[in-house]
Amino acid sequence: MTPEKKQLIIDSFSRSETLKFYKAELLEFETDFISMKIPKMDIMTRKAGMFNGAMIASLVDVSSGYAAVSHYDEDCYVVTVELKVNYLRPAIGDALVSKSYVIKGGAKISVIRTEIYTIDENGESESHVATSLVTMMKIK
């Protein structure tokens with residue numbers, strides 16, 4: 001990935017009002033891969049203390065979109081065509097971490113696999129809580 005492309009992704013991430021609201025952090029990224037972290041906030045949890053499924057699906061969508069964008073050399077914009085999430089276990093932890101991988105990058109359509117984990121505040125304990133398959137379409 002070129003330094004220019006890296007900067008485009010960093011700039012886009014920092015401009016996103018949604019990611020600011022979520023207090024999201026870009027952990028690492030390269031061509032065809034991105035990882036981000038979202039700390040737990042009361043608005044994101046169910047009464048039992050686990051992350052709400054909608055929060056997980058939102059993270060899957062955003063992380064998959066950035067992974068798709070990382071696949072293309074030029075600046076681009078992608079939209080979600082299809083998103084499927086399998087919730088594996090209750091998402092109990094202090095933060096959510098996404099790991100998104102482009103498994104098929106095409107000229108217009110990309111397929112991304114995103115794994116979601118919870119971690120404790122020290123980052124020592126990790127639990128795989130969701131897996132997903134997302135199709136994105138490049139529109140610009």
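Because the model is predicted, local features require a pLDDT of at least 70 and side-chain atom pairs count only at pLDDT 80 or more, whereas totals for chains, interfaces and linings use all residues. Residues are numbered from 1 along each chain as its sequence is written, and side-chain values use heavy atoms, with hydrogens and water left out.

The protein contains three helices and six strands, taken as DSSP runs (helices H or I, at least four residues; strands E, at least two) and numbered from the N terminus. Along the sequence these elements follow the pattern α-α-β-β-α-β-β-β-β. The radius of gyration is 14 Å, close to the 14 Å that the globule rule gives for 140 residues, so the protein is as compact as a globular protein of that length; the radius is taken over C-alpha atoms, and the rule is 2.2 Å times the number of residues to the power 0.38. The C-alpha trace spans about 45 × 25 × 25 Å along its principal axes. Of the 140 residues, 43% count as buried (under 20% relative accessible area, with exposed meaning over 50% and partly exposed in between; 1.4 Å probe, protein chains only). Among contacts (heavy atoms within 4.5 Å) with a separation of 6 or more, 62% are accounted for by residues 24 or more positions apart.

Helix H1 comprises the 13 residues 3–15, which at 1.5 Å a residue should span 18 Å, in agreement with the 18 Å between its end C-alpha atoms; the expected span is 1.5 Å times one less than the number of residues. The buried residues of H1 are Lys-5, Ile-9 and Phe-13. Seen down the axis of H1, these buried residues fall within an arc of 75 degrees, so they line one face of the helix, the arc being that of the directions from the helix axis to the C-beta atoms. The cover over the buried residues of H1 includes helix H2 (17–22), strand S1 (25–30), strand S2 (33–39) and helix H3 (53–71). On the face turned away from the buried side, H1 carries the exposed residues Pro-3, Glu-4 and Arg-15.
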